[in-house]
Amino acid sequence: MTVVPANAGLSVRGLARRFGPRWVLQRVSLEVPAGGALMLVGPNGSGKTTLLRCLATALKSHDGVATFDGRDLWTERRELRESIALLSHATALYDDLSARENMVVWARMGGMNVDVDALLARVGLPDTGTRPARAFSAGMRRRLALARALLKSPRLVLFDEPFTALDPVGRDMLGSVLRDIRATGATLVLSTHHPEIAGPYCDTAARLEDGKIVWRGLPADAPVVMGET
Amino acid sequence: MISLPHLASLPVTPGQLTGLLAILTIVLMNISRGRAWYHLPSWEHAFGLVGLSLLVDGQYLGLIDAPREAMMGETGRIMYVHVPSAWLTMVVFLFTCIFAVGFLLTGKRVFDLLVESTTEVGIILSILLQATGMLFAKPTWGVYWDWDPRLVSTTVMMLSFMGVLSLRAALDDAERRATWTSVGAILATTSMGVTYMSVRWWRSIHQMQSSPDTIAKPMVLILRINAFAFLFLSIWLIARRWRIADAQARMDEAPPLPPEVTV
Amino acid sequence: MNWILRVPAVVSKELLIEWRERSRVSSLLFYSFALLLMVAFAMPDVRMLGDIAGGALWLGLLLASTRSLDQSFRVELENDSLEGMVLWPVDPLAVFYGKALANAFVLILVAAVITPLLGVLYHPSWHGQPWALAAVIVLGCAGIAGPGTLVASLTAQARGSSALLPVLLFPLVVPVVMASARTTILLFQGDPMGQVDNWLVLLLIFNVVHWSLDGLLFARVVEEAG
Amino acid sequence: MNPSDVGSGIVSGGETYVWASYAFSWFLILGYTLSLWLRTPPGEKK
C-alpha cells in the first residue's frame, strides 16, 4: 500500500541560488500537484536552467526549500534521485560510444532492465550501427539524450528546452512521449522558448525573468515576447 | 662570532628596545593624526609585536650569546633559525589539515579562508626551512642538498601545498574551490608520513630529530625563544593573510536577497 | 554497500570507451616507448642503461599515467556525464572505484607492453622471480591510479588542467615511484639484502591508505559538482 | 677560528653561512609582510 502524502507533487518555496556575486534565482515559489505539468518560459539567462538543475539536485539552493512528495529535495537527494529524470543541454552522453552502447552503459550503471532497442525506436532514432555519438547531428543527439532520460521510470521529469533542435516529426514524437510520461502519473516541469508547441502538453505555465516569477497562468495565455523564440 | 656583550649584561635587550620603539612609533603616528592615545585596532598586532621583539632577542642570543656548538662549531648557530622554522612548518601545516577537515565537516567559510592563509604562511615557513637547511648542510655535510628523508619529505610536502595553491588559483567557483582545496590539503598532509617512511628506507644520513632532550641546556632556552618568536609571528601573518582573504570573500559575496515578488 | 554492485558497470563502461578509442591507448604506448628511447639517448653511456632500467620504466609509466588520467576525466566532462552519473544515481564511491580500477588496468596494460621492450632495449640483468615483478607492476600502477583518479577529478575542471595534474600528483606518488623503481631495480640486479619484501609492504600500505581514503574524498568532490 | 679545532672533527668556519641564513630569514619575513601589506585592501589597513 502506498500512502500518498497530503502535499504530493512538487512544492518550491522561496528558492534562491547565487553564482558568485549574482543571485540567479531570487526566491522562486512553485506548486505542481502530483501528475501536473508546468511550463516555464522566459528569456535566456532568466534562471530556467538553474531552477531545473536545483530541482534535479544537481545544484544546492542557497535559500528556500523544495520538496517532492513532502520530502526535501536536497537532504533526501540520494533517495530522490532514483525517481528524478533530467534532460538538459548537457546530454551526459559518451561521444566515443554508439547510440546503443550509450544506452546499454547507462542502463547497466543504473541497474535498469530495459529493452534499449525499443526505446531507441520509440524516440525515432534510426539504426546507427557502431557510429559514435560524436558523428551525430544535433537532432539525433537530442533524441538519444531523450532515450537515455527514458531509461529511468521517473516520478519527477525535468526537461530543459526539449523541443530545440528537433524537426517537426521529432516534435510530434516528443509530444507523444510527454503524453505517455504524464499518463504514468509523473510530475512534469519543462522549460521552453516555444510556448505554442509545448503548451498543449502542460496544465500551468509560469514566466521567469531575472530569477523571479513575473507571470503565472494557463499555457495558452503565455506571453510571447518578440525575439525570444 | 663577534664580540658584543652578552644579553644578561645589557641594561635593555635588543628585543625590548625594538618593542619600545615600535610602540613609540605607533603612539607618535596616532598623536600626529590627532588621536589621543595609541590604538591597536586588530588583536593580531599584539602577536606581531611580541613576535618581533622575541625574534630580535632570539636572534641576538643565537648569534652572540650562544656557546659554540660542540660538533658543528659556529655553523651550529644556523640551528636557531632552522629548527624553529621546522617546528612551525609542521605546526602550521598540521593546522591546515585540521582546518581542511573542519571545512569538509562543517562547510563554514572561515575554515576555507584559514586553509588558504595557513597554506600560504606554511609555504613561506617551509621555504625558510629549506633555505636554512641548505645553508646548514653546505658547511657540515659539504653539499647544499642531500637525499635525506626529512629533506625530501619536507620538499615534497612544500611542493604539494604549492600545488594546492595553484589549484586554488585555477578554480573560479567559490564553493567548488573551497571543497577542492580542502581535499588537496588533506591529501598533501597525509602523503607526508608515507613519504617520510619511504625515503628513510630509500636512504638516510640526517641526524635524529632534535628535541629539547638531545640539546644542551643553554641552547634549549634560545631555541624556545626563537620558536615562540616564530609562533607569534606566524599567528600574526596568518591573521593578516586571513583578513585579506576575508575582505576578498566579502567583496565577492552576493548582495542580500531581495524580498519575494508574488504574482 | 549496494554501490559495490555498480562498480563492474562503471569499469566496463570505462574499458568500453578505451576500446572504442583504441588509438588513444596505442598513442599512450608509443608515448612511453618513445620516452624509453629518449632516456637512452640522454644517457652518457649505453652500458649504464641496464642499471637504470627500473627507474626508466617507472618514469615512463608515471608520465604516461598523467596523459591517461587527464583523458579519463576529459571524456566525462565533454557532456557532463560525471554529473549525469551522480544524478543517475550511481554512488560516488562506485564511480571512483570503477574509474580508478579502469585507470589502473590501462596502466598495467601499458606496463605489460613496455616491460618486455625495456628488457630488449636496456639489457638489464635478471635475478628475480617473475611473480615479484608482476606484483610490483600491479601494486605500483594501482598506487598511481588511485590517488591519480582523485587528483584528476580535481584538476580536470580547473584552468590549465594538463599542467596542474602533474603538479599535484607527482608529490603525492613519490613513495610509489620510489618503491616501485627500487624494487624493479632490485629484481633486475639481485636482492642480497632481501629488501624487496619491505618495499612491497610499503607499496601495499600506500595502496591501502589511498584506496580507502580517496574514495571518501572523491565523494565530497563530486557532490560539489554544481 | 680556533687553531686547535683543526682536525678535531669540529666543523670550522662557515660564518658566511650563518650570516646568510639569519639575513635570509629577515628578508623572507619582512618581504612576506610587505607583500601582505601591499595586498591588503585599503579599508582593511589598520
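Which side chain is joined to that of B:R243 by a polar contact? In this predicted model, in which local features need pLDDT of at least 70, side-chain atom pairs count only at pLDDT 80 or more, and totals for chains, interfaces and linings use all residues, the partner is B:E44, at 2.7 Å. A polar contact is a pair of N or O atoms within 3.5 Å; within protein, one must be able to donate a hydrogen and the other to accept it, and residues adjacent in sequence count only if both atoms are side-chain atoms. Residues are numbered from 1 along each chain as its sequence is written, chains are lettered from A and ligands numbered from 1 in the order in which they are written, and side-chain values use heavy atoms, with hydrogens and water left out.

B:R243 belongs to helix α7 of chain B, residues 217–251; helices (H or I, at least four residues) and strands (E, at least two) are DSSP runs numbered from the N terminus. B:R243 is classed as buried because its relative accessibility is 14%, the term denoting under 20% relative accessible area, with exposed over 50% and partly exposed in between (1.4 Å probe, protein chains only). Helix α6 of chain B, residues 174–202, contains B:T181, which is buried at a relative accessible area of 1%. The side chain of B:T181 forms a polar contact of 3.0 Å with the side chain of B:R168. Apart from neighbours within four places in sequence, B:T181 is in contact (heavy atoms within 4.5 Å) with B:V115, B:V164 and B:R168.

Between chains B and A, 12 residues of chain B are in contact with 20 residues of chain A. The buried area, namely the accessible area (1.4 Å probe) that two parts lose on being put together, summed over both, is about 1200 Å² for this pair, with 54% given by carbon and sulfur atoms. B:L257, B:E260 and B:V263 supply 49% of the area that chain B buries against chain A, more than any other three residues. Three residue pairs in polar contact are found across this interface, both residues being at pLDDT 80 or more.

Among the four pairs of chains in contact, chains B and D share the most contacts. No contact joins chain D to chain A, the closest C-alpha atoms of the two lying 18 Å apart; chain D likewise has no contact with chain C, with closest C-alpha atoms 23 Å apart. Chain D contains one helix and zero strands, and 35% of its 46 residues are buried.
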